[in-house]
Amino acid sequence: MDKKEVIQIAEDFIENSADNRIKMESKAPSELVGEKIYDAPIFGFCEASDEVFAILKEPEVIGCHFRSPREWLPTAQTVISFFLPYSEAVKASNREQKIWPSWGWLVGRVEGHRLLRSLLLQLEMNIKKAGYATIVPTLDKKFFSITEPIEELCGEPLAFTSNWSERHIAYLSGLGTFGLSKGLITEKGIAGRFGSLVTELQLEPNQRPYEIYNAYCTKCGACVKQCPVKAISIEKGKDHRLCGIFLDKTAEKFKPRYGCGKCQVNVPCESSIPGQNK
């Protein structure tokens, strides 16, 4: 199995899955029914033994609770990361709403996340079938993600963190760099979702075409203006607490769905790297 085959499996799955279409039972507006949730994925690959993973254990990055690839799978050779860009229909629907998330975005966030998990399991199954041990960290029982502050670990209290970060993994895999909103700007923009696997299948790593973590962000301030609760600033970036409070409000209003995504639309990095053609 090679990179081309891995990518083809994912592209075929996203193109042909009935779950990649907004369904009538989601109660979305009629003009959205039948539209895609995601466009074709883009992929990045990184060596599981890459020394840069040690940097993620530093307190100012993620912290000592971050688990490196070989802490998830001792025989790991490669980390596979991918980005699923939201379709134009999903993004356009969220551009129109100024405060609350659009129905298309809510479906993309919740039903879209289920589809992402299905894609991860599909890739895991196929790579295992080819004879290579593989694990999806975010679906493993050892994975944790916390939003409320908890007791100290490594000498610091933890909040708004996890022991595996899809965005950081995507950054290390050459897929993109961080913006003010803490999203990752890829060649297909910032509006979408990330997933990753750790596998003993050896694949050639991507080159990282950047040297600093925010190389693609122009700090134009568009996401600052877009945020309905002023959780983003040029000076301090994103306030996860304010963002989380608003997400909780959307969960109350749109139960069983939630989301926002305003910082990912109506911005220069929505669908491409700022200054580059889409």
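Visitor: Which residues of helix 3 (residues 88–96) are buried?

Guide: This is a predicted model, and the answer is read from it. In helix 3, the buried residues are Ala89, Val90, Lys91, Ala92, Ser93 and Asn94. Helix 4 is included in what covers them.

Visitor: What does helix 4 (residues 103–129) touch in the sheet?

Guide: Strands of a sheet pair through backbone hydrogen bonds, either parallel or antiparallel. Here the sheet is open, has four strands in the order 1-2-10-3, and pairs in the antiparallel sense. Its edges are strand 1 (42–47) and strand 3 (134–135), each of which pairs on one side only.

Visitor: How many bridges join strand 2 (residues 78–85) to strand 10 (residues 192–199)?

Guide: Eight bridges, with antiparallel pairing.

Visitor: Is strand 10 mostly covered or mostly open?

Guide: Strand 10 is mostly covered, with seven of its eight residues buried. As for the helices, helix 1 (residues 3–16) lies across strand 1 and strand 2, and runs at about 145° to strand 1. Helix 4 packs on the sheet and touches strand 1, strand 2, strand 3 and strand 10, its direction making about 20° with that of strand 10.

Visitor: How many cavities of 30 Å³ or more does the structure hold?

Guide: The structure holds one. The volume of this largest cavity is about 120 Å³.

Visitor: Which residues lie nearest the centre of the largest cavity?

Guide: Of the 18 residues that line it, Ile185, Cys217, Cys220, Cys223 and Cys269 lie nearest the centre. By class, the lining is made up of 13 nonpolar, four polar and one charged residues.

Visitor: Where is Phe66 found, and is it buried or exposed?

Guide: Phe66 is in the loop between strand 1 and helix 2 (69–72). With a relative accessible area of 0%, Phe66 counts as buried because that value is under 20%.

Visitor: Which residues does Phe66 touch, leaving out those up to four places away in sequence?

Guide: Phe66 touches Phe53, Leu56, Lys57, Glu71, Asn163, Trp164, Ser165 and Ile169. For a distance across the sequence, Phe66 and Ser162 are 96 residues apart along the chain, yet their C-alpha atoms are 7.0 Å apart in space.

Visitor: Which residues other than glycine have a positive phi?

Guide: Backbone angles are read residue by residue. Lys219 is one of them, with a positive phi of about 55°, and Lys230 is another, also at about 55°. Lys219 is in the loop between strand 10 and helix 6 (222–226). Lys230 is in the loop between helix 6 and strand 11 (232–233).

Key. Residues are numbered from 1 along each chain as its sequence is written. This is a predicted model: local features need pLDDT of at least 70, side-chain atom pairs count only at pLDDT 80 or more; totals for chains, interfaces and linings use all residues. Side-chain values use heavy atoms; hydrogens and water are left out. Two strands pair if DSSP finds at least two bridges between them. Helices (H or I, at least four residues) and strands (E, at least two) are DSSP runs, numbered from the N terminus. Contact means heavy atoms within 4.5 Å. Axes are lines fitted to C-alpha atoms, for helices over the stretch in contact, and angles run from 0 to 180 degrees between N-to-C directions. On a 1 Å grid over the protein atoms alone, a cavity is a set of points where a 1.4 Å probe fits but cannot get out, and a pocket is an open set with protein on both sides within 12 Å along at least five of seven lines; lining residues have an atom within 4 Å of a point. Grid points are joined across faces, edges and corners, and a volume is the space filled by probe spheres set on the points. Ala, Val, Leu, Ile, Met, Phe, Trp, Tyr, Cys and Pro count as nonpolar, Asp, Glu, Lys and Arg as charged, and the others, Gly among them, as polar. Buried means under 20% relative accessible area, exposed over 50%, partly exposed in between (1.4 Å probe, protein chains only).
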